[in-house]
Amino acid sequence: MDLENQYCPICSVKVKFNPRYPKYICNHCHNKAEDKNGRKLLFRNEDFSGGFKAIYEDTEEEYNSNTCFVEGIECYAEEAKFGGIVIQIR
């Protein structure tokens, strides 16, 4: 891995280098996250103090997993160390 450059493993766009999350996807790909049936997902912090929450975009019902797919590639979402959500390929 190039220590000065990092790229989205899905679309290959250059992303900010982050050794903590070596397989994280870019924001554009992040916005394409779906469940295994193709339903669009949103991932967010539960509240101001953090936490992890996954919901279906269309109904806002809870999605009880952190597994998602972006362009058919299996990924997982999690709370980032300093807030926000990060999605990485498996």
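Partly exposed means a relative accessible area between the two limits, with buried being under 20% and exposed over 50%. Keep that in mind for the views below, which all come from a predicted model.

**View 1**
You'll find Glu61 in the loop between β4 and β5. Leaving aside residues up to four places away in sequence, Glu61 touches Arg39, Ala54, Ile55 and Tyr56. There's also a polar contact of 3.1 Å between the side chains of Glu61 and Thr59. For a sense of scale, look for Glu78: the two residues are 17 places apart along the chain, and their C-alpha atoms are separated by 18 Å.

**View 1. Arg39 and Glu61 form a salt bridge.**
Here the closest N and O atoms of the two residues are 3.2 Å apart. Arg39 lies in the loop between α1 and β3, while Glu61 lies in the loop between β4 and β5, so this pair ties together parts that are 22 residues apart in sequence. How accessible is Arg39? Its relative accessible area is 27%, which makes Arg39 partly exposed.

**View 2. Lys32 and Glu71 meet in another salt bridge.**
The side chains of Lys32 and Glu71 come together with an N to O distance of 2.5 Å. This pair links distant parts of the chain, 39 residues apart: Lys32 is in the loop between α1 (27–30) and β3 (41–44), and Glu71 is in the loop between β5 (67–70) and β6 (73–79). Lys32 has 29% relative accessibility, so it counts as partly exposed.

**View 3. Glu74 pairs with Arg90.**
Zoom in on this salt bridge and you'll see the closest N and O atoms 3.1 Å apart. Glu74 belongs to strand β6 and Arg90 to the segment after β7 (85–89), so the pair ties together parts that are 16 residues apart in sequence. Both ends are partly exposed: Glu74 has a relative accessible area of 36%, and Arg90 has one of 49%.

**View 4. Salt bridges can share partners.**
How many salt bridges does a search of the whole structure find? The search finds four. Which residues do shared partners join into one network? They are Arg39, Asp58 and Glu61.

**View 5. The largest pocket has a volume of about 180 Å³.**
Which residues line this pocket? The lining includes Lys16, Phe17, Asn18, Tyr21, Tyr24, Ile25, Asn27, His30, Ala80, Ile85, Val86 and Ile87. α1 and β7 each supply at least two residues of that lining. The largest share, three residues, comes from β7.

How values were computed: Residues numbered from 1 in each chain as written. Predicted model: local features only at pLDDT ≥ 70, side-chain atom pairs only at ≥ 80, totals over all residues. Heavy atoms only, no water. Helix = DSSP H or I, 4+ residues; strand = E, 2+ residues; numbered from the N terminus. Buried < 20%, exposed > 50% of the residue type's maximum accessible area, 1.4 Å probe, protein only. Contact = heavy atoms within 4.5 Å. Polar contact = N/O pair within 3.5 Å; in protein donor to acceptor, adjacent residues only side chain to side chain. 1 Å grid on protein atoms, 1.4 Å probe; cavity = no way out; pocket = protein on both sides within 12 Å on 5 of 7 lines; lining within 4 Å. Points joined across faces, edges and corners; volume = space filled by probe spheres on them.
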